[in-house]
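Hello,

Here is the structure I promised to pass on to you. My notes on what turned up in it follow below.

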Amino acid sequence: MNTTQELYEALGEVSASMVEAARANDWDRLAALDAEMTATREALASQPEQAGLDDRELLRRATLITAILENNREVRRHVEPWMQSARKLFTSGERERTVRAAYGVAPR
């Protein structure tokens with residue numbers, strides 16, 4: 001069983017790996033890492049509340065959370081342009097099918 005601190009550390013590591021994958025346009029790896037991030041976040045959410053953390057532990061957690069948020073912004077910076085391109089591709093294909101269907105033209 002992972003401790004809460006180990007789960008925060010794991011989230012930090014996975015988010016850093018997600019940045020690497022996004023920068024490399026490695027969408028398959030990014031998707032796998034996103035699934036890992038989700039599982040780790042769910043494991044963290046199921047942890048009991050911890051009381052009495054010392055200042056060092058609180059500072060480490062705050063540092064990890066800040067890094068995770070920064071990594072998330074960096075991943076989005078790489079993913080959003082790709083998503084816009086994908087949306088345009090799918091939208092234009094859908095429009096073409098709609099026009100072809102409206103005019104009775106067979107698909108290519």
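Among contacts in the protein chain between residues at least 6 apart in sequence, what percentage join residues at least 24 apart? The figure is 70%, where a contact means heavy atoms within 4.5 Å.

A word on the basis first. This is a predicted model, in which local features need pLDDT of at least 70 and side-chain atom pairs count only at pLDDT 80 or more, while totals for chains, interfaces and linings use all residues. Residues are numbered from 1 along each chain as its sequence is written, and side-chain values use heavy atoms, with hydrogens and water left out.

The overall picture: the protein chain has 3 helices and 0 strands, in the order α-α-α. Helices (H or I, at least four residues) and strands (E, at least two) are DSSP runs, numbered from the N terminus. Of the 108 residues, 27% count as buried; buried means under 20% relative accessible area, exposed over 50%, and partly exposed in between (1.4 Å probe, protein chains only).

Now the core. The largest nonpolar core has 16 residues, of which Met-18, Leu-30 and Val-75 touch the most other members. Such a core is a set of buried Ala, Val, Leu, Ile, Met, Phe, Trp, Tyr and Cys residues joined through side-chain atoms within 4.5 Å. Two or more residues each come from α1, α2 (27-45) and α3 (55-102), and the largest share, 8 residues, is that of α1. Not counting residues up to four places away in sequence, Leu-30 touches Met-18, Ala-21, Ala-22, Val-75 and Val-79.

Leu-30 is also one of the buried residues of α2, together with Leu-33, Met-37, Thr-40 and Leu-44. Seen down the helix axis, the buried residues of α2 fall within an arc of 85 degrees, so they line one face; the arc is that of the directions from the axis to the C-beta atoms. Asp-28, Ala-35 and Glu-42 are exposed on the other side of α2.

Two more residues are worth a look. Thr-4 lies in helix α1 (residues 4-23) and is buried, with a relative accessible area of 8%. Leaving aside neighbours within four places in sequence, Thr-4 is in contact with Leu-44, Gln-47, Pro-48, Gln-50 and Arg-61.

Asn-25 sits in the loop between α1 and α2. Asn-25 has a positive phi of about 55 degrees although it is not a glycine, and at 49% relative accessibility it counts as partly exposed. Most residues other than glycine have a negative phi.

Best wishes
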